[in-house]
Amino acid sequence: MQTSKLVKYLTAAGAVLALLTPAPTALASVPATVPAGTPAAAASAPAAATWQPPLSTRGRYVVDAQGQRFRLKSANWDGAQGSWSGSGSAADPANHHAGQNSSDIPLGLDRAPLSALLADFHRLGINSIRLPFANEMIHATAPVPDTAVAANPELRGRTPLQVYDAVVAALTGDGFAVVLNNHTNTLRWCCGVDGNERWNSGQTTGRWADDWVFMARRYAANARVVGADLYNEVRRDVLDDPNWGLGDNHDWYAAAQLAADRILTEGNPDLLIVVEGINWTGLPVDGLPHERPTLAPVRTLSHTLLDSHKLVYSAHFYGYTGPRHSGATGIGETHDARYQDLTRDQLFQTLTDQAFFVTGDGQHYTAPVWISEFGIGAQETGAAARTWFGNITDYFADHDADFAYWPLVGWEGHDDWALLRYDTAGRRYGLLDQADWRGTAWNHLMTAASRTGTVPQVPVRRMLTTDHGDAVQSRRVRAGGDWDQGASKAACPDGLRLIGLSHSGGRGLCTDTSAGDLRATSAAQTVVTDERYVPSGGDWAGGYTKFQCPAGQFLIGYSRRGERVSAALCVPAGSALGRSGRTVWFDRSDNRPADDNGGDFAQGRYKGQCAADEYAAGIAFTTRFAAAPGPAALLCVALRP
């Protein structure tokens, strides 16, 4: 999100440094000339929505309930996350971002009727809205000022959340998909050191997840509320960095996994779960570590949800920031390149490395990537910035990317970044005017060739990790209770089978490739803790302890106590399975198929993996003194008799 604030960090020596991610201060807009006879945001009839909710994913694509591609061509309608700068009286518009006091509701409701706003959104060609909110907004009880909804008097007397409700209802009723976005904790403009750095800045992770369950339930009956964008621009505060997978209170990977789990089980199982990468770590000082990790950590630690077709990753890109540039100018600015300083080829490679690698086929992390923020000002005159905007929209167009422009609505004469700006009389300015230079790039982005129609089902591969506790991602297994009390347990999501394990570290790989959902409809499962199911004469790992599934069953999970294998979890197949197997050893080196489907699901550790046309039927390990007790071999059996 663009910000004109410089935020301070402390160095190890105690010096105060200014930071973080500022955008150029919004310039006063030059009044646009509205052609004679053009209506001032005249209302139009609701557009007939041709897509069918809910949304889900197939590989790198978002699809609707009919399996038709649904490209997220979105914009951010901000305001409900707060606009106050954090200093001075909140009643003074001068103390709000770009002089725009949002009154903690989506901007523009004081200037144009909802019907007119929505008609203009349709004219832009977008089909979806990222709708930010603050946790504080959820709990606010005071009604918004009448002036904040002057153009929509039916909203007078409502709280910010009730106004948010009305906006959601209007958007979805007019055919738009809505993605709820937890943008801030407090009703304060984001995104520096402002009390909104992390999901749990000023509140517990539990309280944050509670709020998400509340919001998911609140709109669960509205099928066109399609997604939960968990948190915006996770970043460093004065003292501490967020991390991806350390298991502590600053672990964004774990927090996102927890919130996703609760949303899908307690809130609304139909929602897409949008997980943004980490926006900033380190101190922006030449010579000290600092960067924008974005989605890079996903390569080695990806999310596995209860539903394998609900995960979407997201990232933000602005020209004034860079892979290692916070966006600051003056104090706090480093000598790292900004995105707008990169050549076209360098920018394209960087976008791939930081985000779009996630869309690669057949990996444990494969998912759609939604660039949920990018943007630039209508009054921008800098050649580098303008070139960057053309280049990045070209990349999005060429890669058929899902995107959301920031921001959608603003006040004329205040925030020239907005696609649409409205004056106090409700007259519209912005991208729909021929004078707006951004129109060429926007039109290219909106009209470039894009995949449409039915997206075929593709095989899924998902990582299991017991790095810091259980990873039981199967609803059916959870319903059966704790199958190995006191052990760290992992189970594949429903519909997937276990196909790979690491020798140490407790990682696993699940898939449905070549066979789809193998499991029978019964709730039966077998916890294997000894060799009773190893057939006579079938010692496939001599000298090793073998946990083998009964005949007709296959592996979906495992447990461990420390590094030692504790149990194997098997379930019956719904059709006949093959019986011819082979031993895949991986205690001394990797032993995975040459096609590398699934990718490196346990980086730096030995791994074993069955082939795509096999299922795993057993785990072998040793209890010999001084030997590593982790999984040493898999029994891989042909899927078909």
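In strand β30, A620 is the bridge partner of K546. Four bridges join β25 to β30 (residues 614-621), and these two strands run antiparallel. Strands here are DSSP runs of E with at least two residues, helices are runs of H or I with at least four, and both are numbered from the N terminus. Two strands pair if DSSP finds at least two bridges between them.

A word on the source: this is a predicted model, in which local features need pLDDT of at least 70, side-chain atom pairs count only at pLDDT 80 or more, and totals for chains, interfaces and linings use all residues. Residues are numbered from 1 along each chain as its sequence is written, and side-chain values use heavy atoms, with hydrogens and water left out.

Four strands form an open sheet in the order β25-β30-β31-β28, with antiparallel pairing. β25 (545-548) and β28 (581-585) stand at the edges with a single partner strand each, so one side of each has no neighbour in the sheet. On average, neighbouring strands of this sheet are turned by 30° against each other, direction ignored.

Next comes β27 (residues 564-572), where eight of nine residues are buried, meaning under 20% relative accessible area with a 1.4 Å probe and protein chains only. Its pairings are set out here.

Now for a pair of helices. The axes of α7 (residues 383-398) and α8 (residues 439-447) come within 8 Å and cross at roughly 5°. That makes α7 roughly parallel to α8, a label for angles under 35 degrees. The axes are lines fitted to C-alpha atoms over the stretch in contact, and angles run from 0 to 180 degrees between N-to-C directions. F389, T393, D394, F396 and A397 in α7 meet A441, H444 and L445 in α8, where contact means heavy atoms within 4.5 Å.

Finally, the whole chain: its secondary structure comes to nine helices and 31 strands. The C-alpha trace spans about 90 × 60 × 45 Å along its principal axes. Buried residues make up 60% of the 641 residues. Among contacts with a separation of 6 or more, 71% join residues 24 or more positions apart.

How values were computed: Parallel < 35°, antiparallel > 145°, perpendicular 65-115°, else oblique. Buried < 20%, exposed > 50% of the residue type's maximum accessible area, 1.4 Å probe, protein only.
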